[in-house]
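Dear colleague,

My findings follow directly after it.

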Amino acid sequence: MNILLAVDGSDASDRAAKHVVHLSKQLAEAPKLTLVNVSLPLLKAASSKLGRKATAEYYASNSEYAVHKARRVLGRAKLDFTETFLVGDPAEEIARHADKHDADLIVMGSRGQTALKSLLLGSVATKVLAQSKVPLTVIR
């Protein structure tokens with residue numbers, strides 16, 4: 001099984017990582033697991049002012065923060081995984097990566113926004129569900 005675990009550093013992401021560990025114990029063989037984090041792009045003016053090197057360091061720092069807890073959870077369970085760090089719209093990038101790499105399942109956390117906030121702002125999980133043909137498990 002090929003599982004994409006999308007994380008953003010939230011408590012819900014930590015629970016999603018723990019869910020993947022639990023799921024992997026139920027499988028006959030260890031899953032092929034990819035840990036994915038997507039950073040929102042900086043405004044062009046900000047990235048121009050920072051420069052290429054500082055912008056890359058900014059994205060790397062954000063991604064490291066976002067994956068460190070999930071990395072620890074997966075490591076304790078002795079699960080092998082690869083990491084992918086992307087920049088763009090999180091929902092679009094997660095869906096694109098899952099489709100491109102033939103994921104069998106996407107697992108991600110949901111922060112549990114109120115219905116009004118979700119309606120106004122949109123939910124990454126809702127957008128992934130709409131944009132990808134890959135089954136999605138959302139952990140709250």
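The chain carries 20 positive and 14 negative side chains, and 6 Å separates the centres of the two sets. Please bear in mind that this is a predicted model.

As regards the fold, the secondary structure consists of 6 helices and 5 strands. Read from the N terminus, the elements follow the order β-α-β-α-α-β-α-β-α-α-β. The radius of gyration is 15 Å, close to the 14 Å that the globule rule gives for 140 residues, so the chain is as compact as a globular protein of that length. Along the principal axes, the C-alpha atoms fill a box of roughly 50 × 35 × 25 Å. Of the 140 residues in the chain, 41% are buried. Among contacts with a separation of 6 or more, 78% are between residues 24 or more positions apart.

I also examined one residue, Ser-63, which lies in helix H3 (residues 52–76). Is Ser-63 buried or exposed? Its relative accessibility is 3%, and Ser-63 therefore counts as buried, since buried means under 20%. Its side chain makes a polar contact with the side chain of Asn-37, at 3.1 Å. Once neighbours within four places in sequence are left aside, the residues in contact with Ser-63 are Asn-37, Ser-39 and Phe-85.

With kind regards

Technical notes:
Residues numbered from 1 in each chain as written. Predicted model: local features only at pLDDT ≥ 70, side-chain atom pairs only at ≥ 80, totals over all residues. Heavy atoms only, no water. Helix = DSSP H or I, 4+ residues; strand = E, 2+ residues; numbered from the N terminus. Buried < 20%, exposed > 50% of the residue type's maximum accessible area, 1.4 Å probe, protein only. Polar contact = N/O pair within 3.5 Å; in protein donor to acceptor, adjacent residues only side chain to side chain. Contact = heavy atoms within 4.5 Å. Rg over C-alpha atoms; globule rule 2.2 N^0.38 Å. Lys, Arg positive; Asp, Glu negative; His and termini not counted. Charge placed at Lys NZ, Arg CZ, Asp CG, Glu CD.
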